[in-house]
Every structure is written in C-alpha cells, then in structure tokens.
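Biologist: I am new to this one. Please show me the structure, and then I will ask about the words used for it.

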Amino acid sequence: MKIAVIGSNYVGLVVATCLANTGHDVVGVDIKPEIVAKLNRGESTIYEPGLSELLTTNLSNGRLLFTLDHYMAVARADICFLAVGTPSADDGSVNMSHLLTAAAQVAEAATAPLTVVIKSTVPVGTADRVRQIFAERCVHPAEIVSNPEFLKEGTAIADFQHPDRVVVGTNSDEAAEQMRELYAPFVRTGHPVLAMSNRSAELTKYAANALLATRISFMNEMANLADAYGVNIHDVRRGIGTDRRIGTSFLFSGVGYGGSCFPKDVSAISHMGQETGVSTQIVNAVTQVNADQKRKLGEKVLRYFSGDLTDRTIAVWGLAFKPKTDDMRDAPSRVLVEQLLAAGATVVVTDPVALDEAWHHFGDRVRYETSAMTAAVGADAVCLVTEWQPYRFPDFGALKVSMRTAALFDGRNIWDGAKRIAEGFDYFGMGTPSSDRG
Ligand code: NAD
C-alpha cells in the first residue's frame with residue numbers, strides 16, 4: 001500500500017519506518033525542514049533503540065522518504081496517518097491546532113478516496129470533527145479511523161511491531177479490514193485487532209494511560225507512607241504484585257511520572273470531565289499526587305542540608321523522563337533541578353543521551369558532564385532521577401572517595417540502601433530504608 005504519515009517525530013517516525021519495513025511505500029511528512037533533511041540523510045532525530053537501523057535500511061531500499069510537501073505525500077496515498085502532537089493547552093485541555101490543521105491539509109491534498117487514520121491521542125469526538133473537515137474540504141470519500149498508539153518511548157519499535165492489541169475505531173467494515181491487513185505482520189502470534197466505534201477507541205487510549213498513571217501515583221503515595229512508618233516499599237510491592245488480580249507492572253515508586261503522554265493525557269481526562277459535567281476525582285488526584293511527588297526528592301535534599309544549598313554542589317544523574325529516550329517533556333528532573341537552583345545549589349547534570357535536550361531547559365544555569373562519575377566529583381550529593389542501566393552499579397568505592405559529602409538520593413530505588421549505608425554513604429530512597437538524617 002501507499003502510505004502517508006503526517007508528523008515525523010516520535011510516533012510518526014516509528015509508524016513510518018515500521019510500515020516501510022513490512023514492504024509498504026511510505027512517505028513521512030513534517031513541517032520542520034531540519035527534521036525532514038536529517039531523516040532523509042538517514043540520521044534519526046530522536047534517540048530510540050533500533051530506529052536508526054530501520055531508518056537507513058528502508059531509506060536505502062527506496063520504500064521510505066520524508067518531505068515537507070503534504071500534497072506530494074497525500075496525492076499518492078491509499079492510507080494517511082495523522083501523527084502530529086496533541087500537547088496540553090494552558091487550561092489542561094488538548095491543544096488540537098496541529099491535528100486539525102494537519103487534517104485540513106490532508107483533506108485539501110487528497111486526489112482520490114482515502115483512509116485517514118488518527119494515530120495521535122485525541123479527545124473523544126475528534127474523529128467526528130475530522131470527518132466534518134473532510135466533508136467541507138474534500139470532494140473524495142474519506143474513511144476516518146481512530147487507531148491510538150500504545151508504544152512506549154525506549155521500546156517503541158518493539159512495541160509497535162509486537163503490540164498487545166491494535167485498537168481500530170471505525171464505522172466502516174472496509175476500513176477495519178484494511179487496518180487488519182496493514183497490522184497483520186505485527187499480530188501474527190494472535191494478539192487481537194479490536195474493532196470498535198471511533199469514540200470507544202478515543203476513550204480507550206486515555207483510559208489506558210490514566211490507569212497506568214494511577215498505579216504509579218498510588219504506589220508513590222504508599223511509598224510516602226512507607227517512609228513515614230519505616231516500611232520497605234519493595235516488600236509491599238512484592239506483596240501486592242504477586243496477587244494475580246493486581247499484577248506486577250507499574251508498581252515502582254519513585255519521583256513521579258513524566259513524558260509526553262501521561263501528564264497531558266491525565267489532564268485531558270479531567271478536562272473532558274469538566275466539559276461533560278462528569279466527576280473525574282480519581283484522575284484529578286493522580287495529577288496532583290504526581291506534581292507533589294516530583295518535588296519529594298528535592299525536599300529530601302533540602303531537609304538533609306537544613307534547607308540551605310548555597311555552597312553545595314549537587315549532581316543529578318539522569319535527565320530524560322525515563323531510560324532509553326532523550327525526551328525530557330514534563331521530566332521529573334526538570335522540577336528537581338529548578339528546586340535545587342532556587343535553593344542556591346550548584347547543579348551538575350549528566351545523562352547518556354539527553355544533554356542536548358537538557359540545554360534547551362537549563363542553558364548555562366547548570367554544568368554538564370557526559371560521565372556520571374565525573375559529575376559526582378566534589379559533589380555534596382548525587383540525586384538519581386532516571387534509572388539508566390549504567391547507573392545501577394557504579395564503582396561506589398571510587399564514588400565515595402570523589403564526593404565531598406557522601407550522600408545518595410535514590411529517586412528510583414535502584415540501589416541497595418543497606419549496602420550503601422554499610423559503605424559509609426548517607427542513603428535516601430523513596431519508601432525504602434534510609435539513613436536517619438533527611
Ligand atoms: P511530537 O510533537 O514529538 O511530534 C509531532 C511532529 O508533527 C513534530 O515533528 C511536528 O513538527 C509535526 N507536525 C506538526 N504539525 C504538522 C503538520 N501540519 N504537518 C506535518 N507535520 C506536522 O509528538 P509525538 O510524541 O510523536 O506524539 C504524536 C501523537 O502521538 C500525540 O498525540 C501523542 O499523544 C501520541 N502518542 C505519543 C507517544 C509517545 O510516546 N511519544 C505514544 C503514544 C501516543
């Protein structure tokens with residue numbers, strides 16, 4: 001099939017490369033010339049394991065191309081994916097301007113009947129709005145399919161190629177069949193393609209993200225109680241995760257969730273509740289708990305140093321909102337760094353891949369180090385914010401010697417606190433046994 005993908009960043013780029021890799025002829029579109037130029041040179045614009053290889057393979061075999069030209073991409077397409085951003089507006093509602101603009105551009109560029117697939121995460125009723133745009137601007141019939149994406153940054157390629165399920169919202173049997181055919185290579189082991197109405201598909205995506213965010217905020221609340229009572233949250237997690245009704249996923253406590261999806265999607269539900277007059281107390285609380293949780297690590301640091309960080313140097317290990325990505329959208333590290341700077345600290349940051357991105361947020365207000373060990377030299381504390389694998393087992397002996405004050409603030413509970421304390425560190429986790437001070 002000939003496929004156009006509008007929006008070529010995290011989601012659009014993964015969709016375009018994975019579909020090209022199954023033999024389709026794919027053109028990705030973006031409005032940013034620098035993205036299009038870089039991708040056409042075979043350079044990935046985002047850090048995502050496995051993506052560069054897929055990109056170069058499919059560019060060189062001619063099945064994949066990127067362009068700024070919506071007309072060129074859409075005129076030749078059987079299917080057009082909309083994968084542009086749907087960020088939060090200031091009031092917590094979804095900023096629909098990119099999606100609606102892209103829909104209008106596609107409607108005007110279509111030269112034949114087209115299946116339009118809304119890949120972006122969009123509020124309930126969006127497919128109807130897109131249908132209306134096509135009715136007003138396009139003389140050719142268009143089927144509007146809602147096909148939310150569940151990939152996770154860091155494992156995006158694997159997630160897209162091996163989805164737990166594919167959700168297809170449409171009122172057209174033909175469009176549903178077309179989507180089944182498109183996804184067939186990825187669901188060969190029996191994972192379902194679930195056909196439903198557009199509105200059901202739209203709400204399914206928000207419900208999935210809100211439930212996962214709820215588990216995280218719930219566990220963070222339990223971790224705070226664990227701190228207060230001297231309980232080890234790991235025991236509690238194991239104790240409940242082994243209950244098959246609960247399961248083990250998304251039960252790790254830490255410094256809160258971030259990224260481009262959970263924060264905005266949870267707020268979007270609150271906003272949908274306001275719009276419809278439906279109470280959304282649980283998701284409202286999830287957002288508030290998460291905002292508070294992002295400040296908890298900084299509060300521990302401040303308590304440890306009696307509220308004064310002037311003349312203190314704090315190393316922050318990990319800036320991306322999670323490992324294996326350079327994405328810092330709504331990352332907990334951003335809240336922590338601002339807290340530390342506001343308290344007068346000298347802040348040294350490090351991350352395996354997100355330092356360029358970090359510059360956009362912190363500029364010259366912090367010092368950048370490419371190595372975690374170098375970042376810690378002379379530091380009064382190390383704050384672990386992103387659980388990158390190489391941070392799990394640093395040379396703790398060398399670390400202790402190189403720091404000015406040997407204090408570890410483990411925002412992801414990846415270190416064994418008892419061992420660190422035995423080695424002479426002051427150690428503070430998130431609901432795990434910690435040193436007395438802090
Ligand atoms: P993004 O903002 O990183 O990328 C969107 C891209 O679209 C940008 O490169 C932008 O320049 C481009 N764009 C904007 N308007 C355009 C237009 N009119 N024509 C062509 N290109 C245009 O967003 P993302 O993270 O890729 O997410 C896209 C959608 O997928 C969002 O709705 C998001 O909620 C959803 N989603 C994201 C993830 C994720 O992990 N990032 C996972 C699942 C779903």
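Modeller: Start with Tyr-304, which is buried with a relative accessible area of 4%. This is a predicted model: local features need pLDDT of at least 70, side-chain atom pairs count only at pLDDT 80 or more, and totals for chains, interfaces and linings use all residues. Residues are numbered from 1 along each chain as its sequence is written, and side-chain values use heavy atoms, without hydrogens and water.

Biologist: Why is Tyr-304 called buried?

Modeller: Buried means under 20% relative accessible area (exposed is over 50%, partly exposed in between, with a 1.4 Å probe and protein chains only). Tyr-304 has 4%, so Tyr-304 is buried. Phe-305 has 7%, so Phe-305 is buried too.

Biologist: What makes Phe-160 and Phe-186 an edge-to-face pair?

Modeller: Rings of Phe, Tyr and Trp (its six-membered ring) pair if their centres lie within 6.5 Å; planes under 30 degrees apart are stacked, over 60 edge-to-face, the rest tilted. Phe-160 and Phe-186 lie 5.3 Å centre to centre, with 65° between the planes. So the pair is edge-to-face. Both Phe-160 and Phe-186 are buried.

Biologist: How do you know what to call the pair of Tyr-304 and Phe-305?

Modeller: Their ring centres are 4.8 Å apart and their planes are at 90°, so this pair is edge-to-face.

Biologist: How many aromatic pairs does a search of the whole structure find?

Modeller: The search finds 14. Separately, Trp-317, Tyr-391, Phe-396, Trp-415 and Phe-425 form one aromatic cluster.
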